[in-house]
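Dear colleague,

I am handing over the structure we talked about, and my notes on what was found in it follow below. Please read them with the model open beside you.

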Amino acid sequence: MKYVTLLKANIKAQKGSFIGIGALMFIITISLLAVLTIWKNATDYEEEQLAYIGYGDITCWLTWGADVKELTRQILEIEDVDKVEEQKAIYIGKYYVNGHEGVNGMAQLFTYGEEGYDFHIYNQSITGIEEDPEGLSEGEVYVSPAFCSLYDAQIGDEFLVEIAGEEDTASYTIKGFFEDPSAGSSMMGIKTILINRIDAQKLKERVEEAGQWDKAMNASLLHIFRTKDSTLPLGKLQTQLGERTDLTGYMEFCYSKVSIMGFMLVLQNIFAGFLLVFVVVLLVITMVVIGHSISSSIEQDYVNMGILKAVGFTQGNLMWTQSMQYVLAVLCGMIPGALLSGMLIRLINRLTVTATGMIMPSDLDLPICGAAMGIILILLLGFIVAKTAGIGKITPIRAIRGGAPDVYFKSRFTTRIYQKGLAFHLALRALVSGKKQYISAGAVAALLVFFISLTVRIGSWIGPDGKGLMNSFAAGDYDIGFGCEDKELEKEIQETINRKAKVIVSYEFKMERATINGFECPMNIMSKPEYFNIVEGRSCKYENELLVTDVIAQAIEVGIGDTVLVSYKGRDKEFIITGIYQCANDMGENFGISKEGWEGFESEPVSFYHHYVLEDPSQTKELVALLKEEYGDRADIDENTWSGLESILTAMQALEIFMYVITAIFILVAVYLTGSKILYKEQHDMGIYKSLGFTAGKLRTCFALRFFVVAVAGSVLGNILSGLLTDPLTGTMLKMFGISSFESTLSLFYMIFSGAVVSGLFLAFSYIAAGKIKKVEPEILIVE
Amino acid sequence: MTEKVIIMKASGLCKSFANNGGQNHVLDMIDLEIYDGDFTVIMGASGAGKSTLLYALSGMDQPTSGVVCYKEGKISGLKEKEIAALRAEEFGFVFQQAHLISNLTLFENVMVTGYLSKKRKEKEVKERAKELLGRMHVEKAMDRLPSQVSGGEAQRAAIARAMINEPGMLFADEPTGALNKRNTQEVLDLLTGLNEKGQNILMVTHDMKAAIRATRLLYLEDGRVVGEMTMPAYRKEEARSREKQVEAWLSSMEW
C-alpha cells in the first residue's frame, strides 16, 4: 500500500512528464507496430497469393514458338524440380488506358476463369474481395488497381491494345479490378489483364494473323516448382535451368518467386526499412527524454526522498516507486498505441492499395509485434532502473539540510554579458552554467536534424523529378531515348533532337536477356561503355570484356578479373570482368557489355535504342512531347522514367511531411518535459529577475533562446552526422534493392532549412512552455 | 523648518486573504505617506503585516483595494511592462536573503540590473557597478558566484545591485535577518550612509539595532498603522540613547 500511495503522489506531482512520455511511447508503438505488420503481412500475403494464382518457385515467360512440351521434359530432368505448369498468355507491347499510353512495359493477358488459375476480384470500392464475383462478358476486362494511380482509371473506362500498330487494335471496357500479386504494383512495368474466354480466343487469332511478334504475341508462362525437400537455392536452380535446358533461347525473361516479391514489395520494403530506422531514432530520443526526466525528478524530490529514507524507506523501495512511475507512463503509451495500430494499418493499406495493387491484411502480426514490444519494454526497464540508481546517493542528513547543493561552479568556459542583446547573453550564460540540463535537448535536436537531413539527402538524390533514382536503374544516364526500325526515320529523329536541344552525349543502347554463368538476367549493351555507371574497376573497353553489378557478382560468386561464360541466342562466349557497375534494373541482377562485345553473338544488323544526355535536362519533357507528337506512331520515344516513379516521389513527399509532423510532436514533448523541470528549478531566479524589472516576455524570450541555441548546436551536429553516416547507412539499405552506389549531397539551403525548422520549433515550443513564467511573481522571494 | 515632500502615498490600502470561509485582513484601510529623504522603518509583531505593507507599497504585490501613488503616479493597476520599468528605474529591493542570480557573479548581478535602466550606457554601468561594489567592500569577491561568497558579502552585493540605478526608493525587507552580528553592523552602516546621501529607504525590521537607524518609525498592529515616531538622523555616538528611546516607544506600543 505504501508503494501505491507514493506512486499515486509521484504521478500526480509529475503528470506532465507522465503524459509526455506516454505520448512519445504511443507514437513509437503505433508507428513501429504498423511498420512491422505492414512489412510482414505484405511479405507473407504476397507469397501466399503468388501461390494462389499459380505462380511457381520460378516463372519463365516464353516467347512465341517455344516447344513447351520439350522444354517441360528438359526441366523435369532437373532433380530439384517437382512439376512444371504452363499458363497461356497473350503479350501486348502497347496498350492504352482511358487514352493514356501504358508506360514502360508490356501487358500480359490471361483468360479469366481458366482452370487452375484463379484470381481475387475486388469489390467496386476496392476495399475488399468479392466472394462471388461476376464473370467477364465479351468486351470486358479486369485490371490492377494500380491503373487508378497510374492512369486515373475507373470502371467503364476503355482499355485498348495494339495488335499490329495503330490501325489494328482491340478495345475493351474495364469491368473492375482484381488482385495481381505478380505484377499488380504500380512499381512494375509489366501489367496483367484478365480477359473473357471468347475475347481471348478472338484476340489470339488476330495476333496470329497479324504475326507482328514485337507488338503482340501468343505465348506461355512456365511455372516451375521445386520439390518439397529441395534445398537448392532458387538462384542456383535458375542457373541450372540456363545450363541444362534450352529455355534461354525461348525466354522473354525468367524470375524467381523471391525476385517477383522483391519487385512487388520494393516500395513497402524501402519505406519500412526507412521508417524502422526513424522509429529507432525516436526511441533513442525518448530514452534521452526519460533519462533527463528521471535525473531532474530525483533532484527535485531530493528532500522528500531523503525524508522517506529517514523514516525507513530503503533505496530499493524508492527506486521501485520511481521506476514504476516511468514504466507505467511507458505502458500507458504502448498499450493504446498497440490497440490503435490496427486502425492505422487498415488506413495505410487502404490508402496504398492503388500503389501496391493489393489489399494487404491488416491483422497485427502478434509474434513479431509482441517480440518488438517486449524488447522495447525490457530495454526501457533496464534504462529506467539504471537511471534511478542515483537515488542511492541521497542521504537523509543531506536532504534535511536543504537537499542537493544547488551550486554553480565557475567554469573555465564562460560567456560575457552585454547590454545589447541582454536576453541572448543571459540565455548563453544559463546554457554554459547548466549545460548538463540542456544536453538532452541538444541530443534530441541533433537526432531529429540528422534524420530529417538524411531524408532530405535521399530526397535530393532521388531528385524532384526522380532523375537520380532513375539513373540508378538505368545502365547509363540519359534524358531522352528513342528506337525505331526505319533508318531514314532514325536519322530524322536524331537531327530533330540535335536541332532542338544541345546534346552532351549520345550512345546506342539495347537490353537483351542472356545468361551469365548460367544465370538468366538482362544484358545491357552500350556503344560507349565508358558511360556505364562504373562503381569499381574500369569499363569494358575490349570486345571480350564485360561489367557486372554487385548483385550479380555475389549471385554467381565472381569478381573483377574473373572469366565468365555468357550464353545468348544459343551461342556461348567467354568474357573477363573488368569492373562493377551500377544498374538497379531487375533488382540489380544484370550485366553490361560493349556493342563490340555483343556483336560477337549477333551478326545480323539489329536496331538499337538511342540515348541522349541533354545539356539542359529541363528541356526533356517538352522535347519528348514534341517527338511523340511527330514520330510517336512510328518510333518508341521515352524519357528516363518509370511507372513506379510517381508513387515513390509521392511516398517520399508524404514521408517528409510525416517526419516533420512527428518531429514537431517530439520537440513539443521534449521541450515541455525538459523546460518544465528547468523552470521549476529556476522559478526562484525568475522571481529575482522580475523584482529587478525584467518583464515576463523578456524572461520567456531568454528562456526560449537557450533552447534555440541548443537546437542550433544540435542541428549543426545533426548535419555533420548526416554527412558522415547517410551514405554508408542508406547505401547498405539500398544494396538490398540492387542500388549499390549511393552518393548523396545536400545543398547548403537544405542544411540550413532542416536546422532552421528544428531550431524554430524548439524556439516556438520553449517560448510557449515558458508561459509559466507569467505566473511566477517576485512574492516568491518574500519570507514572512 | 522646511515642509517634507511626500514621495509615496497609500490611501485605504487593504490586503485580505480568504481564510476558512472568512476574510483575513492583513492590511486594513491603511492611509500612509512616505517622505522624501527619510529612512522609514516599519516595525510590528510577527504577522502584523509589515512585509505585506512593504510589498504592497512597492508594487511587488497587488493590494485587494486602495491606491498607492509614487511621485504623483499611481502604482496600483499598472500594466506588467510599466511596473517592470518602475522596478528597473525607480525602485531598489533588498530582501532578507540576498536573492542573487545563482549563475551570475556578484559583479554581473549588479551589472545586469544596471543594463535594464536607460539611464546609463554599458561602460558607465560597469564603472558604477565596480564603484558600488567597492563602496560595499566586496570588490575582491566581485568575480565570484553567489555560492562562493559569505552571506554578508552576498547581502552587500544585493544592496549594490539595488542601488545601481539610483532608485528613488530603496525597499528593504529584514535585510539583516540572515546575517551575523558583524555583517549586520556593516550592512546597516551602508544603508545609513546611503540615507545620509539622500537615499529614501523604507525598511521592515524586527531588529532594534536596525530600527535605531530610522529617521521615522511606524508601528503596525493588526494591519493598521497605530504608532509613529520621528528621530533625527543617526549618529553612531547616540546609538545607545536612540535604542532606549525606541525601546520606550515600542513599550508604549505594547511590543
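Asp363(A) counts as exposed because it has 11 C-beta neighbours inside 10 Å; here a residue is called buried if 20 or more other C-beta atoms lie within 10 Å of its own, exposed if 12 or fewer, and partly exposed in between, with C-beta atoms placed from the backbone. Asp363(A) is found in the loop that connects helix H11 (353-356) and helix H12 (366-388) of chain A, and its C-alpha atom is separated by 8.1 Å from that of Ile345(A), which is 18 residues away along the chain. Helices (H or I, at least four residues) and strands (E, at least two) are DSSP runs, numbered from the N terminus.

Before going further, please keep in mind that this is a predicted model, in which local features need pLDDT of at least 70 and side-chain atom pairs count only at pLDDT 80 or more, whereas totals for chains, interfaces and linings use all residues. Residues are numbered from 1 along each chain as its sequence is written, and chains are lettered from A and ligands numbered from 1 in the order in which they are written.

For chain A, the domain assignment, whose bounds come from an automatic or database source, gives domain 1 (58-230), domain 2 (419-466 + 643-784) and domain 3 (475-640). The C-alpha centres of domain 1 and domain 2 of chain A lie 52 Å apart.

Helix H23 (residues 748-769) of chain A, with 22 residues, reaches 31 Å from its first C-alpha to its last, close to the expected 32 Å; its buried residues include Met751(A), Val758(A), Phe762(A) and Tyr767(A).

S13(A) and strand S20 (residues 609-614) of chain A are antiparallel and share 6 bridges, with Ser506(A) opposite Tyr612(A). Strand S14 (residues 519-526) of chain A is joined to S13(A) by 8 bridges, also in the antiparallel sense, and Arg513(A) has Pro522(A) as its bridge partner there. S13(A) and S14(A) form a hairpin with 2 residues between them, and Asn517(A) in the turn has a positive phi of about 50 degrees. Strand S17 (residues 563-568) of chain A runs antiparallel to S13(A) and is joined to it by 2 bridges, with Ser567(A) as the partner of Thr515(A).

Turning to chain B, an open sheet of 6 strands has the order S6-S7-S8-S3-S9-S10, with mixed pairing. Strand S6 (91-94) and strand S10 (224-230) of chain B stand at the edges, each with a single partner strand, so one side of each is left without a neighbour in the sheet. Within this sheet of chain B, strand S3 (residues 39-44) and strand S8 (residues 201-204) pair in the parallel sense over 4 bridges, and Thr40(B) stands opposite Leu202(B).

A further open sheet in chain B has 4 strands in the order S2-S1-S4-S5, with antiparallel pairing. Its edges are strand S2 (22-35) and strand S5 (73-74) of chain B, each with a single partner strand, so one side of each has no neighbour in the sheet. Strand S1 (residues 6-19) and strand S4 (residues 65-70) of chain B run antiparallel and are joined by 5 bridges, with Lys9(B) opposite Cys69(B).

Conventions:
Pairing = 2+ DSSP bridges. Expected span 1.5 Å × (residues − 1).
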